[in-house]
Amino acid sequence: MAEEPGNPVLQYLRRIDQRLERVDQRLDDLTARLRSVEEQAASMRGDLSALRGDVVRLEHRIDRVDTRLERIERRLDLVEV
């Protein structure tokens with residue numbers, strides 16, 4: 001399609017963008033791992049485990065909604081620079 005731009009600034013910005021994508025992926029992975037730890041901790045607690053489990057489920061649902069909202073904003077170019 002198009003050649004790699006000769007402008008070093010554009011090349012540098014593309015590299016930064018690629019790195020940010022990798023950081024986002026790693027953050028998503030860490031969030032999923034933390035979710036798992038929270039679920040396990042909630043199940044091990046005594047009499048407050050049911051309440052904590054409900055809170056953990058709500059937090060996970062909010063995380064998923066947040067992820068979807070970010071994806072929609074990126075698609076529609078609504079993300080602030």
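In which helix is the place of Leu-20? Leu-20 belongs to helix α1, which spans residues 8-44. The legends below refer to a predicted model.

**Figure 1. Overall view of the predicted chain.** The chain contains two helices and zero strands. Of its 81 residues, 6% count as buried. The chain exposes about 7800 Å², and carbon and sulfur atoms supply 54% of that area.

**Figure 2. Close-up of the nonpolar surface patch that includes Leu-20.** The patch is formed by Val-9, Leu-10, Tyr-12, Leu-13, Ile-16 and Leu-20. Together, these residues have about 560 Å² of accessible area. Leu-20, located in helix α1, has a relative accessible area of 49% and is therefore partly exposed, since the exposed class requires over 50%.

Figure 3. His-60 lies in helix α2, which comprises residues 49-75. Its relative accessible area is 3%, so His-60 is classed as buried; the cut-off for this class is under 20%. When residues up to four places away in sequence are not counted, His-60 touches Arg-35, Glu-38 and Glu-39.

**Figure 4. Close-up of the patch of positive charge on the surface.** Four arginine residues, Arg-68, Arg-71, Arg-74 and Arg-75, gather in this patch. Arg-68 is placed in helix α2.

Terms used
Residues numbered from 1 in each chain as written. Predicted model: local features only at pLDDT ≥ 70, side-chain atom pairs only at ≥ 80, totals over all residues. Heavy atoms only, no water. Helix = DSSP H or I, 4+ residues; strand = E, 2+ residues; numbered from the N terminus. Buried < 20%, exposed > 50% of the residue type's maximum accessible area, 1.4 Å probe, protein only. Contact = heavy atoms within 4.5 Å. Patch = residues over 30% accessible without salt bridge, like charges linked within 9 Å, V, L, I, M, F, W, Y side chains within 5 Å. Areas by Shrake-Rupley, 256 points an atom, 1.4 Å probe, with all protein chains shown as cover. Salt bridge = Lys/Arg side-chain N within 4 Å of Asp/Glu carboxyl O. Lys, Arg positive; Asp, Glu negative; His and termini not counted. Charge placed at Lys NZ, Arg CZ, Asp CG, Glu CD.
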